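Keep the sequence and the 3D view open while reading.

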Amino acid sequence: MTRRFRFTVEYDGRPFMGWQRQAHGPSVQAAIEDAIAAVTGETVVLHAAGRTDAGVHAVGQVAHVDIEKDIDAFRLMEAINARARPAPVAIVDCVEAPGFHARFDCIGRAYRYRIVNRRAPLTIDTGLAWRVPQPLDSEAMDAAAKRLLGQHDFTTFRAAYCQAASPVKTLDRLDVVRSGDEVAVFAEARSFLHHQVRSMVGCLMMVGCGRWTADDLEAALKAADRAALGLNAPPDGLTFMAARYAGPA
């Protein structure tokens with residue numbers, strides 16, 4: 001009998017070409033699918049709440065998979081984690097979830113982007129944050145971020161090869177919070193366009209260092225033209241924090 005399992009997945013995106021299985025390099029999806037195959041002898045397809053790009057991390061990615069082997073959720077999680085080593089990916093929670101779909105049931109996705117605002121180079125945060133040496137006005141960034149809230153055509157902040165059917169998205173949260181040298185950008189929406197968060201962060205950085213104003217950011221949004229984009233932030237600082245679902249799940 002086929003059983004569906006829901007995973008919460010954590011990974012360091014640095015060695016991967018992204019979430020999705022690729023013919024030309026390692027992926028998070030392949031690392032987990034291959035581990036499942038080693039445990040169960042089955043060829044499976046893992047479905048995620050959202051596909052992350054190369055170099056993007058996750059602490060709360062959600063995925064599901066169908067398995068025929070008679071195995072309980074805890075043993076499955078432990079076995080996958082053992083087989084996935086040394087890849088920096090782990091199943092941190094696993095439950096049976098009949099009828100659940102990680103992507104289509106998801107009603108919200110949350111990301112955090114970390115900027116380290118200092119002159120000194122990164123050491124332990126290399127690949128885990130974006131170092132910006134110029135002083136950043138985080139309050140100006142936060143005020144400008146509010147211009148992007150709500151429903152808009154986000155074409156300006158969309159990758160040229162984005163496959164979304166429409167550039168119109170509703171941005172529910174975009175907050176900029178400073179703590180010491182760290183400036184964190186928190187973004188939440190039902191769904192995002194490819195590169196949307198990184199593109200918004202790049203433009204907010206330009207506001208923070210005085211190269212743009214909030215009006216410039218709003219003008220770029222209204223242009224609905226990728227050519228109006230100021231800057232696309234690198235993937236290093238981006239982490240998929242959580243997927244939201246209706247009900248107790």
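This is a predicted model: local features need pLDDT of at least 70, side-chain atom pairs count only at pLDDT 80 or more; totals for chains, interfaces and linings use all residues.

Residues are numbered from 1 along each chain as its sequence is written, and side-chain values use heavy atoms, without hydrogens and water.

**Salt bridges**

Side chains of opposite charge can pair when their charged atoms come close. A salt bridge here is a side-chain nitrogen of Lys or Arg within 4 Å of a carboxyl oxygen of Asp or Glu. The count is 17.

| Pair | N to O distance |
|---|---|
| Asp 70 and Arg 3 | 3.6 Å |
| Lys 146 and Asp 142 | 2.7 Å |
| Arg 173 and Asp 175 | 2.7 Å |

Asp 70 sits in the loop between β3 (57-67) and α2 (73-84), and Arg 3 in strand β1 (residues 3-11), so their pair ties together parts 67 residues apart in sequence. Helices (H or I, at least four residues) and strands (E, at least two) are DSSP runs, numbered from the N terminus. Asp 70 is exposed at 68% relative accessibility. Arg 3 is buried at 12%. Buried means under 20% relative accessible area, exposed over 50%, and partly exposed in between (1.4 Å probe, protein chains only).

A network of salt bridges links Asp 142, Lys 146, Arg 173, Asp 175, Glu 188 and Arg 244.

**Gln 196**

Gln 196 belongs to helix α4 (residues 196-208). Gln 196 is buried, at 1% relative accessible area. Beyond its neighbours within four places in sequence, Gln 196 contacts (heavy atoms within 4.5 Å) Phe 154, Phe 157 and Lys 169.
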